[in-house]
Amino acid sequence: MQMNDSQRIPASREQVWAALNDPAVLKQCIPGCQALEVTGPNEMTATVIFKVGPVKATFGGKVTLSDLDPPNGYRISGEGSGGVAGFAKGGAVVRLESESADVTVLHYEVDAQIGSKLAQLGARLINSTATKLAGEFFKSFAEVVGVRVEAV
Amino acid sequence: MNDMTPTREQREAVLEGMGCKRKRVEDIRFTQGKGNYVDDVKLPGMLHGDFVRSPHPHARVKKIDDSEALKVPGVLAVITAETLKTVNLAWMPTLAGDVQMVLADGKVLFQNQEVAFVVATDRYAADDGINKVVVEYEPLPPLVDPFKSMDADAPVLREDLAGKTTGAHGPRKHHNHIFEWTVGDKELTDAAFKKAEVTIKEMISYHRTHPSPLETCQCVCSFDKIKGELTIWGTFQAPHVIRTVVSLIAKLPEQKIHVIAPDIGGGFGNKVGAYPGYICAAVASIVTGKPVKWVEDRIENLTATSFARDYHMTTEIAATKEGKVTGLRVHVLADHGAFDACADPSKWPAGFFNIVTGSYDFPTAHLAVDGVYTNKAPGGVAYRCSFRVTEAAYCIERAMDILAQKLNMDPAELRLKNFIKPEQFPYHSALGWEYDSGDYHTAMRKMMETTGYAALRKEQAEKRAAFARGETREIMGLGVSFFTEIVGAGPSKNCDILGIAMFDSCEIRMHPTGAGIARMGTKSQGQGHETTWAQIIATEIGIPADNIQVEEGNTDTAPYGLGTYGSRSTPVAGAAIAMAARKIKAKAQMIAAYKLEVHEDDLEWDIDGFRVKGLPEKFMSMKDICWAAYNAVPPGMEPGLEAVSYYDPPNMTYPFGAYLCVMDIDVDTGVYKVRRFYALDDCGTRINPMIIEGQVHGGLTEAFAIAMGQEIRYDETGNVVTGSFMDFFMPTAVETPHWETDFTVTPSPHHPIGAKGVGESPNVGGVPAFSNAVNDAFSFLGATHIQMPHDYWRNWKAAKDLGAVA
């Protein structure tokens, strides 16, 4: 499953880049995120409640940042297991483009794979759910970063 | 004789014998909710087991940690492959000569494969325990597409077979190859194609589906340590085979194993195989010393116990310009999933697929089947059909329509031109079968006349013209299907399961008052054996069917039999019943002769007793003979009146039928309406016309489901995405069309009562009728073959691909 979209953020590219590397911001923006802890350079563990159709499960897993190219972009990837509900893995290539000094366009290309019960029961809902979740993440990210910039 | 003497008609009516629409005796308990199913078995101290299953289609199992699971209140044990290895049961033999993991041994090969078995005091605790078992997997690349299974770089699925270049059915060509099976004359067939005036070639897929009985697979195992005896209540279509298999693999003496199949809520082939659940429940009972119940849920049933079909059939027909077929060439790529657990007679790796020449007189044919492994659930059972016969019938019936289209001939006319003629029976087919009997032309013409076939074709032509003029968006299809089944496995010369010949059996024991009990080696799962078996006995020995108790499913009391599947019950056990009854009758005749003081040869059978020829008043009823059998037998004769028969059939039986489906499809939405469905079946002698009609209704409904939407589908990463009735089409009364049934009667010449079996014919003939209707509807827009299942979306997509929808 793949999704491509972009989000316009009222902040400079450097500010957006900083937020993309801030676990607190990520935790706030990942839908259903219960906990996010830094475990090493560019490595975090996360607990996320994920719901597709009739299946709702708590996923525990690893989040890794790679291909870092400050302040232009990186790849954020994660994989986690929700026990009997199944597993999910995927990531997003994020690219930042300055529209002006204080407006940045964030482009993202998401690919995701899910397995087991989530796929068996929620197959017809997965694409729409994933699109919705990715949208929610980047929308709240834009908001959070925007609010930060205003506050400064 | 006074006025009270019943007439012959009255005496016959009282018997409710063969030909009578006798009401099903089992329905008295079923309709009152008083059936006794496996889940109704509740024993003191009974435990419950459930599986940890793999989320991955292909992965290495690095570690299984059960420490947290064992802390869950109520959880008593977690059984893994390591546990099973201590009793040499980590792997089990399959019916097809392969081996299958009972629990994941180092690797998982399909999603939802059994990894560990959690045993607890109740089902809830077991499920809580499952959530706490931590399994560490290392995912491996999944192999989903069977067409890529034999690529040079295809992942190795079965590491246990490394270096084995020969399997149960001959040489293996590749690490994911199971067998190649070839039948027929290749040279002659290739020559026929070389000089053919017309040929067609099409890859016809029969998608993976599932029998999905309403009651899932389940068992209760109870091991008595003191007596060393294992009792298994289970949903078994073949209880005796289960007893023998358990004895062989668990090394328990066969007399210490008691297998009981109580009432079964549908089987359709799903309940033939031996599953890890049975083994794990048995081991768990041995380990804990308590009875253990295992009950599959719906997802487990659809995704882990035996699937059906998954045949990809590249089909070619050679013919003359006038439409006379001259050769048939078929190559099948058979997707068997992770283990070859096909439930076929052992020598037949592709079942009886070589019935693929169908009802037609092909001078020559050649068939090759390649079985391959993929990361999918194992199985390959005969879902309401004889072994791979549905696939064969679909293959040839689609191909005949494709040929008709190419020749611009009517498909019914093409069939009539190529049918085996009545005078050709017994007919030897190019692929090796001896068809016992048939009258195809009569059946086909009756179908055409009754349905007004010619008028329907005319209406179709008008509708097509109206569509072309833009006056309607609806297209009309006529699906013709003429099938020949091969059922009643089978003769010991060519049919066995793990070396056990496929006979069947009946034991009849008459009681002094003119009643009796009869036991068979078959097992009804809804077929109504308790009703029909008694009817055969009633006609044979003149005792009312109501006075005959039929009992099946208990291996301690029933004679050994191979069970119920593949429409074998009537052809094989039905024959055994008649033969056992005839033994009873022969002894009865001796008793009657003694009592009537005549020679046996002076007696003639008369409905319900023996009469002295020429002296109508000298008569002894079977009821009185029963009494005499226990109290006044001729000198030197043993008392009692009972008989056993084991019947090894001399040949298969070959039911056939002519079906027509009339369908209208809206091209803009893909929504179809089955306007009419006519099914003419010839199953030889008809034992109970009402039960036959019910069987045909049920079989057609399953055919409708399969052709029009029912599918087990995997995504490209190996997820099975049709794991519930939300996505797996299960028609209810709302979707099911109205069925019209009809019949002709061509008795089987070698069967004692001439019966052929009917339970599965409607599924065999129904699927091509539906699919041909859809393809026929689209043919004038340029379609040659549209793959099943034909759900609304695919119909819409077909219309779009053909340019009928913008």
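User: How do the axes of helix 9 and helix 17 of chain B cross?
Analyst: In this predicted model, the axes of helix 9 (residues 389-407) of chain B and helix 17 of chain B come within 9 Å and cross at roughly 30 degrees. Helix 9 of chain B and helix 17 of chain B are therefore roughly parallel to each other. Angles under 35 degrees count as roughly parallel, over 145 as roughly antiparallel, 65 to 115 as roughly perpendicular and the rest as oblique. Axes are lines fitted to C-alpha atoms, for helices over the stretch in contact, and the angles run from 0 to 180 degrees between N-to-C directions.

User: Is that crossing left-handed or right-handed?
Analyst: The crossing of helix 9 of chain B and helix 17 of chain B is right-handed. A crossing is called left-handed if the near helix is turned anticlockwise from the far one by less than a right angle, and right-handed if clockwise.

User: What are the length and reach of helix 17 of chain B?
Analyst: Helix 17 of chain B covers residues 761-779, which is 19 residues, and reaches 27 Å from its first C-alpha to its last. That is close to the 27 Å expected at 1.5 Å a residue; the expected span is 1.5 Å times one less than the number of residues. Helices (H or I, at least four residues) and strands (E, at least two) are DSSP runs, numbered from the N terminus.

User: How many residues of helix 17 of chain B are buried?
Analyst: For helix 17 of chain B, 19 of the 19 residues are buried, so this helix is largely enclosed by the rest of the structure. A residue is buried if 20 or more other C-beta atoms lie within 10 Å of its own, exposed if 12 or fewer, and partly exposed in between, with C-beta atoms placed from the backbone.

User: What about helix 10 and helix 11 of chain B, how do they cross?
Analyst: The axes of helix 10 (residues 411-418) of chain B and helix 11 (residues 440-451) of chain B come within 10 Å and cross at roughly 160 degrees. The two helices, helix 10 of chain B and helix 11 of chain B, are therefore roughly antiparallel to each other. Their crossing is left-handed.

User: Changing topic: which peptide bonds are cis?
Analyst: One cis peptide bond joins B:Phe425 and B:Pro426, with omega about -5 degrees. B:Pro426 lies in the loop between helix 10 and strand 21 (427-428) of chain B. Another cis bond runs from B:Met788 to B:Pro789, with omega near -10 degrees. B:Pro789 is placed in the loop between helix 17 and helix 18 (792-801) of chain B.

User: And where does B:Asp310, with its positive phi, lie?
Analyst: B:Asp310 lies in strand 17 (residues 307-319) of chain B. Its phi is near 70 degrees, a positive value in a residue other than glycine. B:Asp310 counts as buried because 22 C-beta neighbours lie inside 10 Å.

User: What is the phi of B:Ser567?
Analyst: B:Ser567 has a positive phi of about 45 degrees although it is not a glycine. B:Ser567 is found in the loop between strand 28 (548-552) and helix 14 (569-596) of chain B, and it is buried, with 33 other C-beta atoms within 10 Å.

User: How far apart are the C-alpha atoms of B:Arg464 and B:Phe780?
Analyst: They are separated by 7.8 Å, while the residues are 316 apart along the chain. B:Arg464 is found in helix 12 (residues 453-468) of chain B and is partly exposed, with 17 other C-beta atoms within 10 Å.

User: Which domains make up chain B?
Analyst: Chain B is divided into domain 1 (8-35 + 504-647), domain 2 (38-140 + 216-264 + 271-292) and domain 3 (395-486 + 652-801). The bounds come from an automatic or database domain assignment. The C-alpha centres of domain 2 of chain B and domain 3 of chain B lie 40 Å apart.

User: What confidence does the model carry?
Analyst: The model scores ipTM 0.80 and pTM 0.94. Chain B averages a pLDDT of 96, and 100% of the residues score at least 70; pLDDT is the predictor's confidence in each residue, from 0 to 100. Chain A averages 87, with 99% of the residues at 70 or above. Among the elements of chain A, helix 3 (residues 117-151) has the lowest mean pLDDT (82) and helix 1 (residues 13-20) the highest (93).

User: Which conventions apply to numbering and confidence?
Analyst: Residues are numbered from 1 along each chain as its sequence is written, while chains are lettered from A and ligands numbered from 1 in the order in which they are written. As this is a predicted model, local features need pLDDT of at least 70 and side-chain atom pairs count only at pLDDT 80 or more, whereas totals for chains, interfaces and linings use all residues.
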